[in-house]
Amino acid sequence: MKAKVPSTHFAERIYIIQTMFRDFLGLEIDISADDSVSDYVIEVSGGKKLILKDHFFSCHTDYLKEEYIPREISYLHVPLFSDEDLIVLFGENKLEVSENEMICGADIFASSFFMLTRWEEHVINEKDAHYRFPAQKSLACKKNFLLRPVVNEYVEFLWNMLVYLGCGQKRKERQYKLLPTHDVDILYRWKNPYSLIRAVGKELLINRKIKSAVCQIKNYISVKKGKEKDPMDTFDFLMDCAENSSSKACFFFLSGGNTAYERNYNILSSKIGRVMHRIHERGHGMGLHPSYNSFNNRNMLLYEKQILERITLKKIVCSRQHYLRFDIPRTWRQLDEIGMEIDSTMIYSDVPGFRCGVCYEFPVFDIEERKPLNLIEYPLIWMDRQVLGKGDEQIIEELTLLKNRVKKYNGRFVFLWHNSNINTDEWSGKKEVLGKYLYE
């Protein structure tokens with residue numbers, strides 16, 4: 001296939017077309033700039049053409065402005081995508097079909113680019129207390145489509161149009177895959193006597209639970225005598241869960257930082273070494289959990305990566321930012337510059353769903369430098385802290401919905417379950433339901 005596109009914003013156009021055709025669908029396509037066309041013109045087969053109207057890049061010299069974020073969305077209902085009405089972010093909800101030509105009014109390329117690059121978060125100058133973009137400020141949250149992988153929907157719609165026009169290429173085969181991940185923020189429940197004093201004080205003075213305070217003391221003594229594991233030592237349990245579902249887990253370790261958010265363990269400790277040895281022996285993966293202040297500090301990222309590599313004697317290629325702190329596109333760029341190959345930070349801190357609109361891994365595009373990076377993003381879809389305050393039925397319903405939508409597109413269900421959110425009083429009631437429904 002061949003594609004002719006306007007020459008304006010050519011780097012952006014090449015990126016999104018290649019991502020959707022080559023990376024997602026596995027189709028070969030030659031792309032050329034042609035100022036005689038005003039839209040995306042794709043020559044499919046036997047003179048048949050697919051024309052996708054350009055309602056975005058041709059309209060804006062500098063598109064990185066908040067005013068260009070859609071204020072309203074529309075819906076396109078066609079037989080080529082019959083499950084749900086297709087969400088139209090840019091363009092019109094029109095599709096014209098003739099014998100040799102199909103004209104799509106929905107600008108699915110600009111819509112997909114908007115979701116994958118997260119340029120929306122770059123131009124909206126709002127952050128929470130931890131310098132994170134609030135989900136409530138996103139278009140997907142405002143218009144209630146955060147739980148829909150809209151880019152996957154665009155890809156299916158694109159494929160159906162190509163097939164209708166006689167595309168003879170074979171589509172890439174995909175299989176649904178479960179990707180359990182675990183951020184190791186806390187290694188010790190009972191690091192020292194002071195941790196016991198704080199825990200008992202909380203139970204007595206705040207929670208007014210004498211029995212619970214006594215249980216804390218008994219558990220502390222038992223752990224220190226070697227009769228029980230520390231409640232935070234859940235690594236074997238998590239690896240068992242992964243192996244029972246024929247999956248491999250990845251554990252992200254902090255190797256630096258000097259704030260209150262990183263003071264629970266020292267990456268050089270012998271206990272960390274023993275934990276890493278167990279993970280390695282059982283064939284699971286390890287990655288970097290860059291520290292709280294690393295998200296906009298290239299030197300800090302590089303230093304922490306090198307520390308972890310020296311400890312593990314392995315090249316570290318994947319990471320997830322601590323507290324999900326991220327500066328788009330700067331953090332992506334800096335991860336790419338230090339040789340990181342995979343990031344998996346893209347989820348909102350308070351609500352699950354498809355922050356990037358997709359359940360496939362995808363190459364990152366730097367919207368400031370206007371170029372694709374070598375870095376691949378594996379979007380995170382669900383994380384444990386988002387279930388606090390929810391009942392079991394609501395948790396099961398939410399997980400079932402998300403997993404079914406990922407399975408529909410044979411995508412990657414990437415989830416985060418902290419090793420520390422299992423055996424504490426706050427989480428003990430969630431262990432059974434999460435252990436079952438996350439891994440089924």
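On a 1 Å grid laid over the protein atoms alone, a cavity is a set of points where a 1.4 Å probe fits but cannot get out. A pocket is an open set of points with protein on both sides within 12 Å along at least five of seven lines, and lining residues have an atom within 4 Å of a point. Grid points are joined across faces, edges and corners, and a volume is the space filled by probe spheres set on the points.

What you are looking at is a predicted model, in which local features need pLDDT of at least 70, side-chain atom pairs count only at pLDDT 80 or more, and totals for chains, interfaces and linings use all residues. Residues are numbered from 1 along each chain as its sequence is written, and side-chain values use heavy atoms, with hydrogens and water left out.

The structure holds two cavities of 30 Å³ or more. The largest cavity contains about 40 Å³ of space, and its lining is made by Glu 121, His 122, Lys 127, Phe 133, Phe 326, Asp 327, Ile 328 and Arg 355. To sort such residues by class, count Ala, Val, Leu, Ile, Met, Phe, Trp, Tyr, Cys and Pro as nonpolar, Asp, Glu, Lys and Arg as charged, and the others, Gly among them, as polar. The lining of the largest cavity then divides into three nonpolar, one polar and four charged residues. The second largest cavity has a volume of about 30 Å³ and is lined by Arg 132, Phe 133, Leu 324, Ile 347, Tyr 348, Ser 349 and Arg 355. Here the classes come to four nonpolar, one polar and two charged residues.

Now for the open spaces. The largest pocket holds about 1,100 Å³ of space. Its lining has 36 residues, and Ile 186, Arg 189, Lys 202, Met 232 and Thr 424 lie nearest its centre. Helix H6 (193-206), helix H7 (210-224) and helix H13 (425-428) are the elements that give two or more residues to this lining; helices (H or I, at least four residues) and strands (E, at least two) are DSSP runs, numbered from the N terminus. The largest share, five residues, comes from H6. By class, the lining of the largest pocket has 12 nonpolar, 12 polar and 12 charged residues.

The second largest pocket has a volume of about 490 Å³. Of the 27 residues that line this pocket, Leu 179, Thr 181, Lys 248, Cys 250 and Tyr 378 lie nearest its centre. Strands E9 (177-184), E10 (250-253), E11 (285-288) and E17 (412-416) each supply at least two lining residues, and E9 gives the most, with five. This lining has 14 nonpolar, eight polar and five charged residues.

Buried means under 20% relative accessible area, exposed over 50%, and partly exposed in between (1.4 Å probe, protein chains only). A nonpolar core is a set of buried Ala, Val, Leu, Ile, Met, Phe, Trp, Tyr and Cys residues joined through side-chain atoms within 4.5 Å. The largest nonpolar core has 124 residues, and those with the most contacts inside it are Met 161 and Phe 253. Helix H5 (residues 150-164) gives the most to this core, with nine residues. A second, separate core of eight residues includes Leu 179, Leu 324, Tyr 378 and Met 383.

In H2, 10 of 10 residues are buried, including Phe 109, Phe 113 and Leu 116. After H2 comes Arg 118, whose phi is positive, near 55°. Helix H11 (residues 330-337) is mostly covered too, with six of its eight residues buried: Thr 331, Trp 332, Arg 333, Gln 334, Leu 335 and Asp 336. The elements they pack against include helix H2 (108-117), helix H10 (298-312) and strand E14 (362-366), where contact means heavy atoms within 4.5 Å. Just after H11, Gly 339 takes a positive phi of about 90°.

Finally, consider the cysteines. A disulfide is a pair of cysteine sulfur atoms within 2.5 Å, and the structure holds zero of them. Cys 318 is in no disulfide, and the nearest cysteine sulfur, that of Cys 250, is 3.9 Å away. Cys 318 is buried, at 12% relative accessible area. Cys 356 is in no disulfide either, with the nearest cysteine sulfur, that of Cys 359, 12 Å away. Cys 356 also counts as buried, at 1% relative accessibility.
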